[in-house]
Structures are given as C-alpha cells and as structure tokens.
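Please keep the sequence and coordinates open while reading.

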Amino acid sequence: MNNQLLIKEKLQAKLEKIQTKSDGSPVTDLQLDKTLAEEIEQLTTELESVNPNLYPLLYATSLLEGAWQLQYSTAREIRSLVSLPLGLKLGKVYQVIDVANKLFFNLAKVKHSLGLVSGYVKVTASFEPAKEDLAPLLHKRINVYFDKRYLSIEKILGINTPQLNPFKVVPANNPTGRTATLDITYLDETLRIGRGGDGSLFILSKCNDLPDFTSSILN
C-alpha cells in the first residue's frame, strides 16, 4: 500500500471512530478532546502533502462534480449548526457542485429530537477560480459568492408540508470587505479536503444518497 492510501485509511478510521451519531451529522473540533482534534489535523496535513491532484481546477474538475457529504469541520458556521435551539438537531450536511455552470449549494438537514418537525437550510452560491493566485496555490483556490439562503420545513408530525418548502428565502451573507475563498487541498474519487480563507477545515466524502440534487442547484 502506498503512503497516500495508508494516510487516507488512518484519517478515515479516525473519522469513523468519532462518527458515533447514526444521523450522519458532521463532527466539529469543539466536540472532541484537544488531542484527538490535533491527531485529525496532523493526518489531514500529511494527506494534503501527498495530494494526487495538485491542480484540481485544471485537471480534475470531473472529480469535483456532484454531491459531497461533510464529515468533519472546524468552521465557525458548522460549529454553530451543531448547537441549534428549540430541540432541533443537525443531520447530514451536503455540498453539491455543478462545475460546468460554476454553481454549488450547501444543504444542512435539520430535525426535531422528538420527530415533531424536519426540514433543511440551503445556501446557494457561485464560484470562480481565484485570479490572484500565487504559484503555490495555482489552480486550487476558488472565490465564492453566496447568493440566497432557503429555510424549509419538509414535514410536521410526519406530514409533508410543500407550502413551507421553503417558507423563507433571504439573501445569503458574504464576508464584509473581502471575498470568501476556498483552497482545495486534497482531492480523489472519494475524498475532498478544503481550507477556508480563515483557515477553517472541511473534510467531505463523495456520496450518492441525495436525490434530485442536480435539479435543485438553480432552485
């Protein structure tokens, strides 16, 4: 087994160990003890150093395409979703990418702990390769422009509620005074690692369990 696969297996074993929730919600560093969070960061850095696709925006766009499920993150926005009010719990979090049209959306499933209500939060966005890239980041950094935020209730007491899907659409927030960026620091057929402009970490796995995702990007 080559070094890349060995490191990847070690990282995935750590992630599987901390994925104790059956709902598949992402884990953040604030939910772990400091030592374990540091171990995940170390393995992630090692895997990034043996990235098989150093220029994903140039040579590996086909790998970016489609639906990804968020496994682990240190991002502030994901940390805040983990602690929702009113008995709500975060479920699976997806990112769905349409490379040809330079669009994507983030989708966070949400449900009440007693099953009273379920729905999702969706944020749509566009992206472009960063034009100010320096040589070490060439063809791996994207500029992100968030568009709209959708708040949707899909079911109340198990009954579909299409009139509330969505019940609110508002402009999405973009950083003040700067452009949001994401560096794609590792990419293969099943795993993607990204670093936000603030240094936040995102680890995602390719998935096939999000129905009708391609038609949802523009909605």
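The exposed residues E16 and K17 sit on the face of α1 that is turned away from its buried side. The model is a predicted one.

**Helices.** The buried residues of α1 are Q4, I7, K8, L11, L15 and I18. Around the axis they cover an arc of only 100 degrees, which puts them on the same side of α1. Helix α1 comprises 16 residues, 3-18. At 1.5 Å a residue these should span 22 Å, and the end C-alpha atoms are 23 Å apart, which agrees.

Helix α2 covers residues 34-48, 15 residues in number. Buried in α2 are L36, A37, I40, L43, T44, L47 and E48. Seen down the axis, the buried residues of α2 fall within an arc of 140 degrees, so they line one face of the helix.

One of these residues, A37, has a relative accessible area of 16%. Because buried means under 20%, A37 counts as buried. The C-alpha atom of A37 is separated by 34 Å from that of E154, and the two residues are 117 apart along the chain.

How do β3 and β4 pair, and over how many bridges? The pairing is antiparallel and has nine bridges. Within it, Y94 stands opposite L107 in β4. The two strands form a hairpin with four residues between them.

Strand β4 also runs antiparallel to β5, and nine bridges join them. F105 has T124 in β5 as its bridge partner. This hairpin, too, has four residues between its strands, and G115 there takes a positive phi near 75 degrees. Strand β4 is mostly covered, with seven of its ten residues buried. In a regular strand, side chains alternate between the two faces of the sheet.

Strand β10 contains I193. The relative accessible area of I193 is 0%, so I193 is buried. Its C-alpha atom and that of I153, a residue 40 positions away along the chain, are separated by 30 Å.

**Backbone geometry.** Most residues other than glycine have a negative phi, and most peptide bonds are trans.

| Residue | Phi | Loop | Relative accessible area |
|---|---|---|---|
| K102 | about 55 degrees | between β3 and β4 | 38% |
| L157 | about 55 degrees | between β6 and β7 | 62% |

Which peptide bond is cis? The bond from N165 to P166 is cis, with omega near 5 degrees. P166 has its place in the loop between β7 (159-160) and β8 (168-171).

**The largest pocket.** Rolling a probe the size of a water molecule over the atoms shows where empty space is left. The volume of the largest pocket is about 1,100 Å³. Its lining has 39 residues, and the closest to the centre are E77, I78, N106, F146 and F202. Two or more lining residues come from each of α5 (76-82), β3 (88-98), β4 (103-112), β5 (117-129), β6 (141-156), β9 (180-187), β10 (191-196) and β11 (201-206). Which element gives the most to this lining? That element is α5, with five residues. By class, the lining residues of the largest pocket divide into 24 nonpolar, nine polar and six charged.

Conventions:
Residues are numbered from 1 along each chain as its sequence is written. This is a predicted model: local features need pLDDT of at least 70, side-chain atom pairs count only at pLDDT 80 or more; totals for chains, interfaces and linings use all residues. Side-chain values use heavy atoms; hydrogens and water are left out. On a 1 Å grid over the protein atoms alone, a cavity is a set of points where a 1.4 Å probe fits but cannot get out, and a pocket is an open set with protein on both sides within 12 Å along at least five of seven lines; lining residues have an atom within 4 Å of a point. Grid points are joined across faces, edges and corners, and a volume is the space filled by probe spheres set on the points. Ala, Val, Leu, Ile, Met, Phe, Trp, Tyr, Cys and Pro count as nonpolar, Asp, Glu, Lys and Arg as charged, and the others, Gly among them, as polar. Buried means under 20% relative accessible area, exposed over 50%, partly exposed in between (1.4 Å probe, protein chains only). Two strands pair if DSSP finds at least two bridges between them. The expected span of a helix is 1.5 Å times one less than its number of residues. The arc is that of the directions from the helix axis to the C-beta atoms.
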